Amino acid sequence: MTPVPVPPAFRLLFATLVACAAAGPSSAQLPNVGQTVGGVVGQTQQTIGNVATGVASGVQDTTQRLRNDLRGVRADRLTNLRRQHPDLIDIDRNGAAVIRSQVLAIAPSAEALTAAQAHGFTVAERSEQTALGLNLVTLRAPNGMSTRRAVEMLRRLDPSGAYDYDHLYLGAGAGAVRADFASVQSGAGASNARIGLIDGGVDPHHPALASLSIRQRAFAGAESADPHGTAVASLLAGDGAGFRGAAPGASLYVADVYGGSPTGGGAAAIVAALNWLAEQRVAVINISLVGPSNRALEAGVRAMVDRGFVIVAAVGNDGPSAPPLYPASYPGVVGVTGVDARNRALPEAARGAQVDWAAPGSDMLAAEPGGGFAGVRGTSFAAPIVAGLMAQSISAPSPQAATRAQTLLAGAALDLGAHGRDPVFGQGLVGGDVRVAPARVARR
């Protein structure tokens, strides 16, 4: 996938919003635009237009309008994805996007599979995730049967079994204004950390990533450099072109779960990626993807946490009153929210018990495929900062190491909001010095 070109009108809007931001705490924030998944741009152009209208009608109006627009961007992307690929994408009863006619069976018995096949289901794939101790079988529904009906039928045939959709998960953030790097950010030096990344593919030739040891493996389609994955990777371990991530120089293990496929980002692909990273003994794994709860994904995450792996995930940008998103909301996962340059919570960020830490999530740059840098916004880009910091204190997966890493992080945290842990900032802000601000670069 290629980045979305930034029109001149948006550059003017960006300058206006920056001026508003300088005016005070109630000013407008940079809109969340630019990310594509499976070739779908979504409603970002509409978002830009709505924000521009808000600037004209007042700053407070703009903030509320921005919050509402950003809350619906992910849903709009999924809606457009389904419209473009109705033969591949369906929805569950809650409106979440799923892979059409595909059902995930978690450790089904031989009798259950026989009963399913007797009702017209076929086994599309058997996946023994040995590092997780998880047996996953992908079933295809009979021709003409809806995905919802397929799941319901399998649950009726095997009430004690575990069946679910193959839900699709999207990144919790977007790119914005492109830029050329013009100054050098100080950093902590090279890192010996090893970090896993489950996302889109990474551009290994980017100047900020070229010196790193990067292993990539595709779990959907073919490996494909992706704007979201490349940005997250740079924030994890970038070390070059004057750019430094949270763990500069760390080795990256990249699981590309998109591969440019319309059905990329499925729960089964993410579980397979978790299994691969468990095989590689990569202790800290960043997942800046969000979606609904899923039985297969939950089982995979639980297996990883029980084995002492640290999973860091973005809490999502559906708004402070939105239902929890996953995998960030599963027990044991480190959920991360984002703050702006003034340490204010992003208005679109989720809130709740799933928020463990806050980190920079806007007013900053990250790498984009092809060698440039872009402004980014969203909890997607806060999560890798926390993951990079934690990875520097964990050499191998273990529950004790995971607990120790959290304790070390707490010692460096800046308490924001209500005293102590709260549902907005969690245990506080970490990694504030990792942010590379757009003001430090010369824009094209």
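Predicted model: local features only at pLDDT ≥ 70, side-chain atom pairs only at ≥ 80, totals over all residues.
## Overall make-up

The protein has 444 residues, and 59% of them are buried. Its secondary structure comprises ten helices and 20 strands.

The exposed surface comes to about 16,200 Å². Carbon and sulfur atoms supply 51% of that area.

## The seven-stranded sheet

Seven strands build an open sheet with parallel pairing. Their order is S9-S12-S8-S13-S15-S16-S17. The edges are strand S9 (214-218) and strand S17 (357-360). Each edge strand has a single partner, so one of its sides has no neighbour in the sheet. On average, neighbouring strands of this sheet are turned by 25° against each other, direction ignored.

Within the sheet, S15 covers residues 310-314 and S16 covers residues 334-339. These two strands pair in the parallel sense over three bridges. Val312 stands opposite Val334 in S16.

## A helix across the sheet

Helix H9 spans residues 383-391. It lies across five strands: S8 (194-199), S13 (284-287), S15, S16 and S17. Relative to S15, helix H9 runs at about 160°.

## Val312 and the nonpolar cores

Which residues touch the most other members of the largest nonpolar core? They are Val312 and Val386, in a core of 53 residues.

The contacts of Val312, leaving aside neighbours within four places in sequence, include Val284, Ile285, Asn286 and Ile287. Val312 also contacts Val334 and Val336. Further partners of Val312 are Ala383, Val386, Ala387 and Met390. A second, separate core holds 50 residues, among them Leu170, Ala269, Ala278 and Tyr326.

## Confidence in the model

Mean pLDDT for the protein is 83. A value of 70 or more is reached by 78% of the residues.

Two stretches call for separate mention. Over residues 1-60 the pLDDT is below 50. Beyond near neighbours in sequence, this stretch still has 125 contacts in the model. Residues 179-190 also stay under 50. For residues 179-190, the model has 39 contacts beyond four places in sequence.

Conventions: Residues numbered from 1 in each chain as written. Heavy atoms only, no water. Helix = DSSP H or I, 4+ residues; strand = E, 2+ residues; numbered from the N terminus. Buried < 20%, exposed > 50% of the residue type's maximum accessible area, 1.4 Å probe, protein only. Areas by Shrake-Rupley, 256 points an atom, 1.4 Å probe, with all protein chains shown as cover. Pairing = 2+ DSSP bridges. Axes fitted to C-alpha atoms, helices over the stretch in contact; angles between N-to-C directions. Contact = heavy atoms within 4.5 Å. Core = buried A, V, L, I, M, F, W, Y, C linked by side-chain atoms within 4.5 Å. pLDDT = per-residue confidence, 0-100.
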